[in-house]
Amino acid sequence: MRGESKLRRRVRRAGTPEPGVPVFGIEEEIFITHPERTSLQSLYYLAKLLWRNPRYYYSHSDSNFARRGDIRQAVMGGVELSTACHTSVKNLVADLAARRAEFSTVCDDALLVPLGHLIDLNAPTLTCGMHIHVGNLDNSENAYAGLVHFLPLLALLGANAPFASGKYFGKSYRMANSYAIGPLRADPWYRFQDIIFARRLGTIEIRVFDPVWDLERVRLIAECILSIVTSDRTYELDRGEYNRLRRVFVREGYTEEMARLYRELSDLADVPEEMFARTPSDSVRELFGRHGLIDTYSALDNAYRNNVLEARRLPSMKAQPARAAMGLASYYIVRLPYKIRKVMSEW
C-alpha cells in the first residue's frame, strides 16, 4: 500500500513485530460545552494539556472549527486527542482511557460531550468523529474490501448522533450529513469518505464512527476490525452496495440486511447481536426525552469521565473570554506550523 513503508519504519522503531501484525491507533473528537454551546475556551484546555506534556500532545491533539454558514451557530467545533500505535486491542483501549483521564483533569469546569453532532444544532461542519487506523498489513487491498463489506454493520456500534435542531433524525445525523465523511468514491485516497487509505500514515483509516463514551464498545469495534483484517477470506470490493446500505443504516439502524451481515460476522468475531441492534444514539434519545438538553450533556460528560451514564451536579461555568485569547496564543498559534504540514500531507 502506498506510503506504508513510512508507518512500518515508525512501528519498527517502537519495537513492534514485523509487518503483517496489525497496528492500531485512534483519533477521538469530542465537544467541550459551557454548558450547551462550544466556545473558543476549548483552546485553553488544549493549551493546558499541551504544556503538561508538549512532546506528546503537540502531535496527538487538535482543534476544529465551523465552516461556511455554520459559523452563525457556533465557531468552535470539537477537540481531538489521539493514541499511540498499538498491536494489542487491550493496550489501544487502555491508551484511549488514559487520554480521556488526563484531559478530564485539565477540563474541570466544562462538559466533555462525546457526540457526533450537538443535539440542538443543524451544522454539517460542526461534527465529531472517532477515526480508527489500522496498518502494517500484508494485504491492505483485501483488508480494505473486507472492512467495506462489514462497515454498514460496524457503523452501528458507533452511531451516536441522533438529533439535529432538537428533532430526532435517526441513528446518526453526522454519518448522513457531515462534510468530513461520505459515500465511497472510486478513489480510496480521497480524504472525505467513510473509509480511506490515509496518505500521511499509510494506514486504512475508518472515519465513519461517531465518538462513543463506552470503552467496551470501542474495544468491540477494534476486535471486529482485527478479526476482519486477519481473516484468510478473500473479499470483493463493492462500493455500490456499501453506498446503498449507507442510506439505510444512518437512519434505520439494524435491519434484516444488517442481521445478514451480523450472521456472517459471527463466524469471525464474538459480539452480542444486541450491541448492533441498540446503538449509543438510542440511549441519547431516551436521555434527551426524559431529562432535556443540559442533563443529557451532563450524563455524557459523566460517562466520558467516569463510565457512568447519569447526570451529575454541574460545575460553575462562567464565561471567561481571556481564556480564549490564551488558548489561541499558547495552543493554536504554537501548533499552526504542524497543522499546516499535516493538512498538506493528507491531501
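The model is predicted, so local features need pLDDT of at least 70 and side-chain atom pairs count only at pLDDT 80 or more, while totals for chains, interfaces and linings use all residues. Residues are numbered from 1 along each chain as its sequence is written, and side-chain values use heavy atoms, with hydrogens and water left out.

A pocket is an open set of points, on a 1 Å grid over the protein atoms alone, where a 1.4 Å probe fits and where protein lies on both sides within 12 Å along at least five of seven lines. The largest pocket has a volume of about 570 Å³ (the space filled by probe spheres set on the points, which are joined across faces, edges and corners). Its lining consists of 33 residues, where a lining residue has an atom within 4 Å of a point. Glu29, Asn64, Tyr179, Arg191 and Glu346 lie nearest the centre of this pocket. By type, the lining holds 14 charged, 11 nonpolar and eight polar residues (Asp, Glu, Lys and Arg count as charged; Ala, Val, Leu, Ile, Met, Phe, Trp, Tyr, Cys and Pro as nonpolar; the others, Gly among them, as polar). At least two lining residues each come from β1 (23-33), β2 (61-65), β5 (130-135), β8 (195-197) and α13 (321-346). These labels follow DSSP runs, numbered from the N terminus: helices (H or I) have at least four residues and strands (E) at least two.

Two of these strands meet β3. Strands pair if DSSP finds at least two bridges between them. β1 and β3 run antiparallel and are joined by four bridges, with Glu29 standing opposite Glu80. β2 also pairs with β3 in the antiparallel sense, over four bridges, and here Phe65 has Met76 as its bridge partner. Seven of the seven residues of β3 (residues 76-82) are buried, so this strand is largely enclosed by the rest of the structure. Buried means under 20% relative accessible area, exposed over 50%, and partly exposed in between (1.4 Å probe, protein chains only).

Most residues other than glycine have a negative phi, and most peptide bonds are trans. A cis peptide bond, with omega about -15 degrees, joins His34 and Pro35; Pro35 sits in the loop between β1 and α2 (42-52). Arg68, in the loop between β2 and β3, has a positive phi of about 50 degrees and is exposed at 61% relative accessibility. Asn136, in the loop between β5 and α5 (140-157), has a positive phi of about 65 degrees, but is buried, with a relative accessible area of 1%.

Finally, there are the cores. A nonpolar core is a set of buried Ala, Val, Leu, Ile, Met, Phe, Trp, Tyr and Cys residues joined through side-chain atoms within 4.5 Å. The largest has 56 residues, and Leu147 is one of those with the most contacts inside it. The largest share of this core, 12 residues, comes from α5. Another core, of 21 residues, lies apart from it and includes Tyr44 and Tyr331.
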